[in-house]
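Here is a short briefing to read with the model open beside you. Take the topics in any order you like.

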Amino acid sequence: MSKFFSAKYAALDPYVPGEQPKDVQYVKLNTNESPFAPPLSVVEAVQAEAKRLQLYSDPESGALTEEMAKTIGVKKSQVIMTNGSDEALNFAFMAFCDETRPIVFPDITYGFYPVFARLNGIPYETLPLKEDFTVDVNAYLGIGKNVVIANPNAPTGLALSREQIEKIVRSNPDNVVIVDEAYVDFGGETCVPLINAYPNLLVVQTFSKSRSLAGARLGFAVGNEALIADLNAVKYSTNPYNVNRMTAAAGLAAIEETERFAKNCLTIRENREYTAARLKGMDFTVLDSRANFLFAKSEFVDGKTLYEELKKRGVLVRWFNAERIRDFIRVTIGTKEQMETFLNEVREILAEKGNESI
């Protein structure tokens with residue numbers, strides 16, 4: 001870093017995104033993207049809007065916000081559209097947390113939470129997952145701090161029920177509970193129906209996973225009107241034109257394709273269960289994922305070695321060098337053909353490592 005870098009960021013440990021290699025054509029199962037390209041209607045909407053790039057985008061994302069609100073059954077004033085769900089999360093950290101209002105989240109979860117906290121000078125605490133990697137709901141009851149929970153969680157894929165989340169929200173009426181539902185469409189239970197009952201609940205979702213728009217960067221948050229007004233205050237103080245024209249057009253067109261995306265999610269769930277069964281047949285421990293990925297551990301080879309060997313063979317998965325989970329790999333669920341390639345390579349690696357029963 002340069003000598004000009006602010007001391008307040010000197011100890012910042014930035015978020016490390018998944019690899020996006022350009023040198024080799026991989027079977028890419030490392031960043032939880034959809035294996036399905038967006039529908040032609042979305043592509044055409046983007047192309048049409050590209051002709052108007054000389055004009056700023058609508059700072060309110062008015063048409064998109066209104067359509068999103070109708071789709072999920074809330075008021076327009078209860079929704080804010082953002083540049084990916086990460087922006088919505090960062091806005092929430094900025095709006096609701098400070099030195100006197102810390103935040104708490106699981107010790108094994110989305111890696112951006114501690115980054116947002118440190119970036120914004122917010123004290124934070126992590127609570128350990130239970131031995132089975134589930135969130136310890138009781139540890140959050142009446143904790144008296146802001147809370148953020150990914151549900152389903154990442155990288156485990158495990159999910160809490162709406163009832164369990166509601167207990168946490170109800171027991172902390174003076175603090176904001178942020179529920180990050182990036183993967184909810186793959187088998188989780190959304191908490192959006194609770195927002196009118198709990199003014200301290202904020203639900204964040206994304207178009208990146210189930211809606212095939214990871215490259216467009218579009219997310220949104222849903223909550224009490226006052227909470228959304230707070231987020232808008234932060235938005236208009238930092239990046240008022242946060243959703244660009246082409247992304248807004250893509251989002252509007254994607255909403256019209258909800259039925260198609262639901263079918264894609266069903267296919268991914270089927271491929272997930274198929275892959276999980278095959279891995280268990282090779283003596284893997286596989287967590288009960290409700291996301292578009294699996295978190296799995298081999299009895300015969302450590303996580304780092306498996307990640308490296310798969311990469312050599314042109315299959316890219318995610319490995320985390322962190323205590324308790326370094327023997328696991330996270331595998332995005334792709335097409336049936338992609339999963340067959342992954343499984344075949346795993347079988348060959350295990351055989352090469354001396355496991356004759358595979």
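S61 has its place in the loop between α1 and α2. This is a predicted model, in which local features need pLDDT of at least 70, side-chain atom pairs count only at pLDDT 80 or more, and totals for chains, interfaces and linings use all residues. Residues are numbered from 1 along each chain as its sequence is written, and side-chain values use heavy atoms, with hydrogens and water left out. Helices (H or I, at least four residues) and strands (E, at least two) are DSSP runs, numbered from the N terminus.

- Most residues other than glycine have a negative phi, and most peptide bonds are trans.
- The phi of S61 is positive, near 45 degrees, and S61 is not a glycine.
- S61 counts as buried because its relative accessible area is 4%; buried means under 20%, exposed over 50% and partly exposed in between, with a 1.4 Å probe and protein chains only.
- N32, in the loop between β1 (27–28) and α1 (40–49), also isn't a glycine and has a positive phi of about 60 degrees.
- With a relative accessible area of 1%, N32 is buried.
- The loop between β5 and α6 holds P152, and the peptide bond that leads from N151 to P152 is cis, with omega near 0 degrees.
- P155 has its place in the loop between β5 and α6; the bond from A154 to P155 is cis, with omega near 15 degrees.

**The sheet**

- Seven strands form an open sheet with mixed pairing, in the order β2-β8-β7-β6-β5-β3-β4.
- β2 (79–82) and β4 (124–127) are at the edges with a single partner strand each, so one side of each has no neighbour in the sheet.
- On average, neighbouring strands of this sheet are turned by 20 degrees against each other, direction ignored.
- Two strands count as paired if DSSP finds at least two bridges between them.
- Strand β3 (residues 103–106) and β4 pair in the parallel sense over four bridges, and I103 stands opposite Y124 in β4.
- From β3 the chain crosses through helix α4 (residues 112–119) to β4, a right-handed β-α-β crossover; right-handed here means that, with the strands pointing away from the viewer, the path from the first strand over the helix to the second runs clockwise.
- β3 and β5 run parallel, joined by two bridges, and V104 has V147 in β5 as its bridge partner.

**Around strand β6**

- Which residues of strand β6 (residues 177–180) point one way, and which the other? V177 and V179 point one way, I178 and D180 the other, and all are buried.
- Strand β5 (residues 146–150) pairs with β6 in the parallel sense over four bridges, with I178 in β6 as the bridge partner of V148.
- A197 is in the loop between β6 and β7 and counts as exposed because its relative accessibility is 55%.

**Helix packing**

- Two packed helices are described by the angle between their axes and the distance between the axes.
- Helix α2 (residues 62–72) and helix α8 (residues 245–255) have axes that come within 9 Å and cross at roughly 25 degrees; axes are lines fitted to C-alpha atoms, for helices over the stretch in contact, and angles run from 0 to 180 degrees between N-to-C directions.
- That makes α2 roughly parallel to α8, a term for angles under 35 degrees.
- Where do the two meet? A63, L64, E67, M68 and T71 in α2 meet A248, G251, L252 and I255 in α8, where contact means heavy atoms within 4.5 Å.
- Helix α10 (residues 303–312) packs on helix α11 (residues 336–352) at an angle of about 120 degrees, with the axes 10 Å apart.
- L306, E309 and L310 in α10 meet F342, E345, V346 and I349 in α11.

**Two residues of helix α9**

- T275 lies in helix α9 (residues 258–281) and counts as buried because its relative accessibility is 0%.
- Not counting residues up to four places away in sequence, T275 touches L294, I333, M339, F342 and L343.
- E259 is found in helix α9 and, at 58% relative accessibility, counts as exposed.

Terms used. Parallel < 35°, antiparallel > 145°, perpendicular 65-115°, else oblique.
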